[in-house]
Amino acid sequence: FKKAEQDLKRAIANSPELKGLMKNLMVDMTPEGLRIQIIDRDGDPMFPSGSAQMYQKTRNLLATITEVIAPLDNEVSIRGHTDSVPYGSGANYTNWELSSDRANASRRVMLDAKFPKQRLNNVMGKADTELLITEDPTDPRNRRLTIILLREELTDPESYQNLVEDSGEANGEYEDTPAPVDVPVGTFQKTPGKIEFP
């Protein structure tokens, strides 16, 4: 994960076309895995307002991210987020649909960039339920795409446990070590190409 983070930042910094988007990128570690977030900034959005048709710069950034993470084995979760600004009264289209459509648009771009479809764990629209800037729900930075390289113990806990046990037997070091505590599985049902509403 650390190497992937370094490779990603290097690839963007070395691209004359993309290096200006470094301020729109956040990469960090979470209990779920390596989280890559593409974030709107005031005056520098990734999508036109209210639209799931991404700008070309966003498409190019996603393609670069895909190029870096495609060689890894981890499954991926793609999530769309919005701010809390609602559509007008009586609108049939809401932030739930918008966040889902943006996540699904990102899935299509990643697949076009040769991301293996069998590694798509889920695609979700989160609307404004997981704000980045909690003190200001209308902050533009709450509008973002999140790509998470999921830890193996979340997506395949049985295989991960077998790997831990096998390595312990091979080294003769872990016979008396208790098994790792169960990790939360969360929302990681296998749903390639589909949208989930929590």
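Which residues in α2 meet which residues in α3? R59, L62, T66 and I69 of α2 meet S106, V109 and M110 of α3. Meeting here is contact, that is, heavy atoms within 4.5 Å.

A word on the model comes next. This is a predicted model, in which local features need pLDDT of at least 70 and side-chain atom pairs count only at pLDDT 80 or more, while totals for chains, interfaces and linings use all residues. Residues are numbered from 1 along each chain as its sequence is written, and side-chain values use heavy atoms, with hydrogens and water left out.

Stay with the helices. Helices (H or I, at least four residues) and strands (E, at least two) are DSSP runs, numbered from the N terminus. Two packed helices are described by the angle between their axes and the distance between the axes. Axes are lines fitted to C-alpha atoms, for helices over the stretch in contact, and angles run from 0 to 180 degrees between N-to-C directions.

The axes of α2 and α3 cross at roughly 55 degrees and come within 9 Å. That angle makes α2 oblique to α3. Angles under 35 degrees count as roughly parallel, over 145 as roughly antiparallel, 65 to 115 as roughly perpendicular, and the rest as oblique. The crossing of α2 and α3 is right-handed. A crossing is right-handed if the near helix is turned clockwise from the far one by less than a right angle, and left-handed if anticlockwise. By class, this contact of α2 with α3 has four nonpolar, two polar and one charged residues. Ala, Val, Leu, Ile, Met, Phe, Trp, Tyr, Cys and Pro count as nonpolar; Asp, Glu, Lys and Arg as charged; the others, Gly among them, as polar.

Now turn to α1. Helix α2 covers residues 56–69, and α1 packs on α2 at an angle of about 140 degrees, with the axes 9 Å apart. α1 is therefore oblique to α2. α1 passes α2 in a right-handed crossing. On the α1 side, A4, D7, L8, A11 and I12 make the contact; on the α2 side, L61, T64, I65 and V68 do. Seven of these residues are nonpolar, one is polar and one is charged.

Next come the charges. Side chains of opposite charge can pair when their charged atoms come close. The structure holds 12 salt bridges. A salt bridge is a side-chain nitrogen of Lys or Arg within 4 Å of a carboxyl oxygen of Asp or Glu.

One of them joins E5 to K2, with the closest N and O atoms 3.5 Å apart. E5 and K2 are three residues apart in α1, so about one helical turn separates them. E5 is buried at 11% relative accessible area, whereas K2 is exposed at 53%. Buried means under 20% relative accessible area, exposed over 50%, and partly exposed in between (1.4 Å probe, protein chains only). K2, E5 and K9 are linked in a network of salt bridges.

Another salt bridge pairs D83 with R143, the closest N and O atoms being 2.8 Å apart. This pair links distant parts of the chain, 60 residues apart. D83 lies in the loop between β3 and α3, and R143 in the loop between β4 and β5. D83 is buried at 7%, but R143 is partly exposed at 23%.

T82 lies in the loop between β3 and α3. T82 is buried, with a relative accessible area of 2%. Among the residues T82 touches are N95, L98, D128 and R143, not counting residues up to four places away in sequence.
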